[in-house]
Amino acid sequence: MKSKIPEPGDRKRPCCIECGFVAYMNPQVVAGAIPEQDGKIVLLRRGITPAYGLWTFPAGFVELNETVSEGAVRETLEETGIRIKTHEAVGHYSYANAGVLVVVFRASVLGGKPRTCHETLEISRFTADTIPWKELAFKSTRESLEDWQKLK
């Protein structure tokens, strides 16, 4: 592999000098959900890096053979033990310096018993007035929660 600008193209990419294969380095899709129940939302304190110990909503990488919404449902169950139903998207968030596209949904809690896992230190419920704004994990976390508030 050699870094070069393939034809047609405008930026350097890893290219095989023997067969011409171009390795496109594209962002990964992250699916997230803001689970709502009884006027509160569920947030978790991250137990992994990056942003260890900070608050966010359940989210993770979308797998092949699942929709973005299905990924949000699966990640919420894996990280919190809570079963949800997704609704409309709160928004999508991407940044030039981050290799992800984050899609966040409003969601209703259907059931399940909250529990932590290796990715989750703590799970808590917050009203819009008690969100821990100074302890949020990512720019996308803050922007999603701000957009969620506008939907209320």
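Modeller: A residue is called buried when its relative accessible area is under 20%, exposed when it is over 50%, and partly exposed in between. By that rule R106 is buried, and E36 is buried as well. Please bear in mind that this is a predicted model.

Colleague: In which order do the elements of the protein chain run from the N terminus on?

Modeller: The protein chain holds two helices and nine strands. Its C-alpha trace spans about 60 × 30 × 30 Å along the principal axes. Read from the N terminus on, the order is β-β-β-β-β-β-α-β-β-β-α.

Colleague: How far apart are the end C-alpha atoms of helix α2?

Modeller: Helix α2 covers residues 139-151, which is 13 residues. At 1.5 Å a residue the helix should span 18 Å.

Colleague: Within what arc do the buried residues of α2 fall, seen down its axis?

Modeller: An α-helix has 3.6 residues a turn, so residues three or four places apart point the same way. In α2 the buried residues are S140, T141, S144, L145 and W148. They line one face of the helix, because seen down the axis they fall within an arc of 130 degrees.

Colleague: Which strands do the buried residues of α2 pack against?

Modeller: The face turned away from the buried side of α2 carries the exposed residues K139 and K150. The buried residues, for their part, pack against β3 (28-37), β4 (40-46), β5 (55-56), β7 (82-94) and β8 (100-112).

Colleague: How many residues apart in sequence are the parts tied together by R106 and E36?

Modeller: Side chains of opposite charge can pair when their charged atoms come close. R106 and E36 form a salt bridge with an N to O distance of 2.7 Å. Since R106 lies in strand β8 and E36 in strand β3, the pair ties together parts whose separation in sequence is 70 residues.

Colleague: Which strands hold E122 and R45?

Modeller: E122 and R45 form a salt bridge, with their closest N and O atoms 3.1 Å apart. The pair links distant parts of the chain, 77 residues apart, with E122 in strand β9 (residues 120-126) and R45 in strand β4.

Colleague: Is the pair of W55 and F126 stacked, tilted or edge-to-face?

Modeller: The count of aromatic pairs comes to one. The ring centres of W55 and F126 are 5.1 Å apart. Planes over 60 degrees apart count as edge-to-face. The planes here stand at 85 degrees, so the pair is edge-to-face.

Colleague: How many residues apart in sequence are the parts that W55 and F126 tie together?

Modeller: W55 is buried at a relative accessible area of 3%, and F126 is buried at 10%. Because W55 lies in strand β5 and F126 in strand β9, the separation of the parts they tie together is 71 residues.

Colleague: What is omega for the peptide bond that joins T49 and P50?

Modeller: Most residues other than glycine have a negative phi, and most peptide bonds are trans. P50 is placed in the loop between β4 and β5. The bond from T49 to P50 is cis, with omega about -5 degrees.

Colleague: In which loop is D38 placed?

Modeller: D38 is not a glycine, yet its phi is positive, at about 55 degrees. D38 is exposed, with a relative accessible area of 66%. Its place is the loop between β3 and β4.

Technical notes: Residues are numbered from 1 along each chain as its sequence is written. This is a predicted model: local features need pLDDT of at least 70, side-chain atom pairs count only at pLDDT 80 or more; totals for chains, interfaces and linings use all residues. Side-chain values use heavy atoms; hydrogens and water are left out. Helices (H or I, at least four residues) and strands (E, at least two) are DSSP runs, numbered from the N terminus. The expected span of a helix is 1.5 Å times one less than its number of residues. Buried means under 20% relative accessible area, exposed over 50%, partly exposed in between (1.4 Å probe, protein chains only). The arc is that of the directions from the helix axis to the C-beta atoms. Contact means heavy atoms within 4.5 Å. A salt bridge is a side-chain nitrogen of Lys or Arg within 4 Å of a carboxyl oxygen of Asp or Glu. Rings of Phe, Tyr and Trp (its six-membered ring) pair if their centres lie within 6.5 Å; planes under 30 degrees apart count as stacked, over 60 as edge-to-face and the rest as tilted.
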